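Subject: Structure handover, with notes on what was found

Dear colleague,

I am passing on the structure we spoke about, and the notes below it go through what was found. Please read them with the structure open beside you.

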Amino acid sequence: MELYITELSKYFITLFIACYTLECFLVFRFQDEERRKGGYIRQNIWMFLVHFSCFLVICFETGQIEYLLFYVLQQILLFSTIMLFRMIYQKGNLLIVNNMCMLLSIGFVILTRLSYERAIKQFFIVTASIIIGMAIPFFIRNLKFLKSLTWVYAGVGIAALGVVLILGTVTYGSKISYSVAGVTFQPSEFVKILFVFFVASAFSETWDFLRVAVTAVLAGAHVLILVASKDLGSALIFFVVYVFMVFIATGRWIYLFLGVAGGSAAAVVAYRLFSHVQVRVQAWKDPFSCIDDAGFQITQSLFGISSGGWFGLGLFQGNPTSIPLVEADFVFSAVAEELGILFSMCMILICISSFIMCMNIALKLQDRFYRLIAFGLGVTYIFQVFLTVGGGTKFIPMTGVTLPFISYGGSSVLTTLIMFFIVEGLYIIRRDEGDKRARNRNQKRKRRREQRAGERPPRDREDEEEA
Amino acid sequence: MAVTWLFVGLFFAMMGYTCHYAVTHRQTLMNNSYNTRQEILVAQNSRGTIYAAGGQILAETKTDESGKETRSYPYANMFSHAVGYASNGRYGIEALANYYLINSNTKLSDKVANDVAGEKYPGDSVITTLDVDLQKIAYDSLGMYSGAVIVTEPSTGRILAMVSKPDFDPNEIDAVWDDLIKDKESSVLLNRTTQGLYPPGSTFKIVTALEYIRENPDSYSQFSFQCNGHFSHGEERINCYHGTSHGGENFTKAFAKSCNSAFASIGLALDRKKFGKTLDELLFNQELKVDFAYNQSKLVMNEDVEDADVMQAAIGQGATQITPLELNMITAAIANDGVLMKPYLIDRVETKDRTVVKQFSPDTYKRLMSEEEAQIMTGLMEEVVKSGTGTKLSGLSYTAAGKTGSAEYNKVKSDSHAWFTGFAPVEDPQVCVTIIIEGAGSGGDYAVPITKRILDACFEQ
């Protein structure tokens, strides 16, 4: 009986997430959020089925009922998040919220399997973060002075990173966190958001060469502090986000080209100068040659990914805990091993769909500041996903960053939640812009009609501009 | 929009790469000793059974009442190197087929029944290409000698017998392991068929002859040589075996009588660069595309090689080192019209209730020589049996072709390893046999009779 459930559930779970993923892309058929509603409801059903079947398997495998209680708490949290959001922000984007909840629930499942204790801790962090996050779209929409804090963002960001460099504790060879009153923070996570705000506001009015030069110096300061802290993954994210934002702000390919060239040169210099960079490149090129030390983590990760096959070994059937740091940097490998390659590919596609939605929002925003923020946050998010998945699968050298929403880590999940809620705020701003334009147009039309003393009653065309 | 597509493209590349890597490397990664997932499978499934081609059990796992598992090898020493062992690092087919043996593709309903009974799931069985009768004759015939026998099917590459001596009892492997490891002298654990490197002696004249034919396709049949028992060039003097004078010879006779003097002179006439290229084509000095452990056969030949060394190389002495496997592959290619089939040991994988999980089929390795060259070589090797050093195989109910060798391995004494490599029947080759008996004497006296016993078992009713 138990065996039938674990064996068959593998296929059902894969089917459910595949259906969810399909809906993620089908919603792009419609420009209008109203017409996407059916898809969003179906997504909620698939999401529930994935989450429920996974916990059913967990309960059967462990034989412990307390997991069921934990599941119910998660279900309440995710359900009320979606419902509350729908109620508070009627103009909000439901794909972003759905994806956020779907990814969070995958995170809960895999963390429960890897370490129950940590899963519970993560659950409380997520709950607190969502409560904070819920207010964010409101602030983004209403706090107009955010645009003018340019140098404040940069100053606070550099200061926060600097404090870690000087006072921070060393974890796995990198100085990335510091503790205040027993709570450990990883400031580079939060500074990512400040950094995007800094670049966006710096380029919101002018984007001449002088602006580029000044921001480049300040962006460089961020990156160099991170390099000095040996937090190469974050340094790379800041660098890439800056280059792409400059490219979008100026619309000039030359900056993208210069950025890529400069980045490559910097990579070569870093390879020559730092032994820990060489070690990582070596572990990427041929991890099996140094399987005892530098290549251990990546080879264990590859063992995990390949052993699962298309449908995975099933929860609790594999051995993902043999991968060092599996619940943070290598959570993707654990998902691939136990839930299958197809499942993990769907998970990536869900991340991509969130990214595409974010870019769509950026594309249609009229206000430069907001547009750049949407763009910057989208790139930050997707590039981080790329680094962690690529690193774990030996596609690129390992950099040691977390998989947003899935990995264990309070700073990471709080930051990503804030990012997603900011994007929601931007979406609402965009709909406001649309409404405003529609109103203006209607007023003009009305006036024209009044002048012509038309017979037909004016029709409400407000929905026309909706996305 | 360009940026969106850039990232989407990047992700698709990464996803494609990940899927491809995970699926294609699954087996090698699972066999890696650092992969702890093996232990999960071992704890979940009992190790599968290894069968001979005829259905006899070569290795099986027995579970006693307390649940303790022991690996049992009914034929004990006879298949020691071919089947290998499953502890102390794994060897032979136990290593080669480990992935299949530790996995279980049994029906779900049977697994449920196993669960209810509190048993492990039965691991998948591996059916090998090995033939118990041939293996037994080869094993018994070698007697107390050290050496190796490999028998293959030229048209498919199936390995029918693989014997290496000295041997060990895999049932006792844990008990004798430390002694075997300490004993560097006799290298019991080495599978001499695929890993033993020997001087090829006169069997190498197959290669020298092939190269001579390649360089002189129209005139090799006009070759003539007057043998008076030795051949000198500069400081180097080559003697015929036991100093025998072979008198006037053509090419066929020189090959059949295995005349060292004639072949030393042929060696000097060869283009060393082309000779080196032929050696590469015949898979010397390179990695082999076979699944089991082997050593590379070695002989470097180019313009810089000295005359004296070329003379030695031409008769299979000097620095040349060859494995019985390599010699068997060359012989099998001659028997198969010049095409070498990839040698293999595993025919198929089945579940316990005999559903086929995976079937391995014959695979062409590559063409080693033209069909015409293979025919000429067959003719030469047939003459060895008819009138040369292998006459103990003549006048039988089947026809055979081959080449003997007596490889001197000791500069001081005239001890030699006895070699024979050949195939039968000549018209439609079905088995290809390669034998080496260490320190026995001449190939014609020691290796040919064993070949005869093996071929008799195949073709005499």
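To begin with a detail, which residue of β6(B) does Ile50(B) stand opposite? It is Val126(B). Please bear in mind throughout that this is a predicted model.

That pair belongs to two strands of chain B, β2 (residues 50–51) and β6 (residues 125–128), which pair in the parallel sense over two bridges. Both strands are part of an open sheet of six strands in chain B, whose order is β4-β3-β2-β6-β14-β15 and whose pairing is mixed. The edges of this sheet are taken by β4 (69–72) and β15 (356–359) of chain B, and because each has a single partner strand, one side of each is left without a neighbour in the sheet.

Chain B also holds an open sheet of five strands, in the order β8-β7-β19-β18-β17, and here the pairing is antiparallel. At its edges stand β8 (159–165) and β17 (401–408) of chain B, each with a single partner strand, so that one side of each lacks a neighbour in the sheet. From one strand to the next, the twist averages 5°. Within this sheet, β7 (residues 147–152) and β19 (residues 431–437) of chain B run antiparallel and are joined by six bridges, and Ala148(B) stands opposite Ile436(B) in β19(B).

Two helices of chain B are to be seen against these strands. Helix α17 (residues 371–387) of chain B lies across β17 and β18 (416–424) of chain B, and runs at about 70° to β17(B). Helix α18 (residues 443–459) of chain B packs on the sheet, where it touches β7, β17, β18 and β19 of chain B, and its direction makes about 30° with that of β18(B).

Taken as a whole, chain B has 18 helices and 19 strands. Its radius of gyration is 25 Å, close to the 23 Å that the globule rule gives for 461 residues, so chain B is as compact as a globular protein of that length. Along the principal axes, the C-alpha atoms of chain B fill a box of roughly 80 × 70 × 45 Å. Of the 461 residues of chain B, 50% count as buried, and among the contacts in chain B with a separation of 6 or more, 67% are between residues 24 or more positions apart.

Turning to where the two chains meet, 28 residues of chain B are in contact with 29 residues of chain A. On the side of chain B that touches chain A, at least two residues each are supplied by α1 (2–24), α2 (26–31), α3 (37–44) and α7 (108–117) of chain B, and the largest share, 13 residues, comes from α1(B). The residues on this side of chain B comprise 18 nonpolar, six polar and four charged.

In chain A, one helix deserves a look of its own. Helix α12 (residues 296–308) of chain A has 13 residues, which at 1.5 Å a residue should span 18 Å, and this agrees with its end C-alpha atoms being 19 Å apart. Because 12 of the 13 residues of α12(A) are buried, this helix is largely enclosed by the rest of the structure; the buried residues include Gln297(A), Leu302(A), Phe303(A) and Ile305(A). After α12(A) comes Gly309(A), whose phi is positive, near 70°.

With best wishes

Conventions:
Residues numbered from 1 in each chain as written. Chains lettered and ligands numbered in written order. Predicted model: local features only at pLDDT ≥ 70, side-chain atom pairs only at ≥ 80, totals over all residues. Contact = placed C-beta atoms within 7 Å. Helix = DSSP H or I, 4+ residues; strand = E, 2+ residues; numbered from the N terminus. Nonpolar A, V, L, I, M, F, W, Y, C, P; charged D, E, K, R; others polar. Pairing = 2+ DSSP bridges. Axes fitted to C-alpha atoms, helices over the stretch in contact; angles between N-to-C directions. Rg over C-alpha atoms; globule rule 2.2 N^0.38 Å. Buried ≥ 20, exposed ≤ 12 C-beta atoms within 10 Å, placed from the backbone. Expected span 1.5 Å × (residues − 1).
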